[in-house]
Amino acid sequence: MASFHDVLFPLAVSFGATGGPERRNEIISLSSGREKRNARFAHSRRHYDAGTGLRSLDDLQEVIAFFEARRGSLHAFRFRDPFDMKSCSPGQSPSATDQPLGTGDGKAVRFALVKAYGDGSDAYRRSIIRPVAGTLRVAVEGIELFSPDFSFDEASGEVVFAENAKPGIGQSVKAGYEFDVPVRFDTERIAISLKAFKAGQIPSIALVEVQL
């Protein structure tokens, strides 16, 4: 999309950022004492504060330059979530069998790239649309495939199999990867003074996840 810049927010700053997912639920207390709860949104949305990742004036200058190049909140970009950036546990390396994508029917060649949180029917399946280049690994029925047997379509967020490599009936499709989160600045200005920065008072630099 035109409003997305395929560039990565400064890594050194992002690894010191704070933040995480937000859910929006509506809770109504009934006269019986029970509650009626409804999810206002089907998907979570992540918010971050990159200000906590600033360690030096050089970091601040790099973020200001990045902010200006994105025209503030106008253009979205890639952000490496320091808490959740792999298909596997943080201390492990992604494997081709980390996340189930679906089961082949002998015809389908497209499978949405997702990450599951939780188990069974209660699991939340999060769409992953910005895997890190060179990290995507895919397996069919436990056997890893390699290019050109599959590719990734960023426009749809799907793994696309070549016609001669499409999963057969009942064959499991899995994937592993590292990934970035598409975000934008959730502020129109960055305010800081040199005196405050040297005293350890960091600016708040709000980022918010966007849907592409």
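Good morning. I begin with strand β14, where E158 and V160 point one way while V159 and F161 point the other way, and all four residues are buried. In a regular strand the side chains alternate between the two faces of the sheet. Please keep in mind that the model before you is predicted.

Where does β14 sit? The strand belongs to an open sheet of three strands, ordered β8-β14-β13 and paired in the antiparallel sense. The edge strands of this sheet are β8, residues 110–112, and β13, residues 150–153, and each of them pairs on one side only. From one strand to the next, the twist averages 25°.

Let me take the two pairings of β14 in turn. With β13, strand β14, which covers residues 158–161, forms an antiparallel pair over four bridges.

I turn now to a second sheet. This one is open and has four strands, in the order β7-β15-β11-β12, again with antiparallel pairing. Its edge strands are β7, residues 99–103, and β12, residues 143–145, each pairing on one side only. Neighbouring strands in this sheet are turned against each other by 30° on average, direction ignored. As for the pairing at the β12 end, strand β11, residues 137–140, is joined to β12 by three bridges, and the two run antiparallel. Within that pair, V138 has L145 of β12 as its bridge partner.

The next topic is the largest pocket. How much space lies in it? The value is about 320 Å³. The pocket is lined by 22 residues, and those closest to its centre are S127, I128, I129, E209 and Q211. Which strands supply at least two residues of the lining each? They are β10, residues 124–127, and β16, residues 181–185. The largest share comes from β10, with three residues.

I close with two individual residues. The first topic is S44, which lies in the loop between β4, residues 35–39, and β5, residues 45–49. Is S44 buried or exposed? S44 is buried, because its relative accessible area of 6% falls under the 20% cut-off. Its side chain is joined to that of R46 by a polar contact of 3.0 Å.

The other residue is G19, which lies in strand β2, residues 18–22. G19 has a relative accessibility of 42% and therefore counts as partly exposed, since that class lies between the 20% limit for buried and the 50% limit for exposed. G19 and T52 are 33 residues apart along the chain, and their C-alpha atoms are separated by 10.0 Å.

That concludes the presentation. Thank you for your attention.

Terms used
Residues numbered from 1 in each chain as written. Predicted model: local features only at pLDDT ≥ 70, side-chain atom pairs only at ≥ 80, totals over all residues. Heavy atoms only, no water. Pairing = 2+ DSSP bridges. Axes fitted to C-alpha atoms, helices over the stretch in contact; angles between N-to-C directions. 1 Å grid on protein atoms, 1.4 Å probe; cavity = no way out; pocket = protein on both sides within 12 Å on 5 of 7 lines; lining within 4 Å. Points joined across faces, edges and corners; volume = space filled by probe spheres on them. Buried < 20%, exposed > 50% of the residue type's maximum accessible area, 1.4 Å probe, protein only. Polar contact = N/O pair within 3.5 Å; in protein donor to acceptor, adjacent residues only side chain to side chain.
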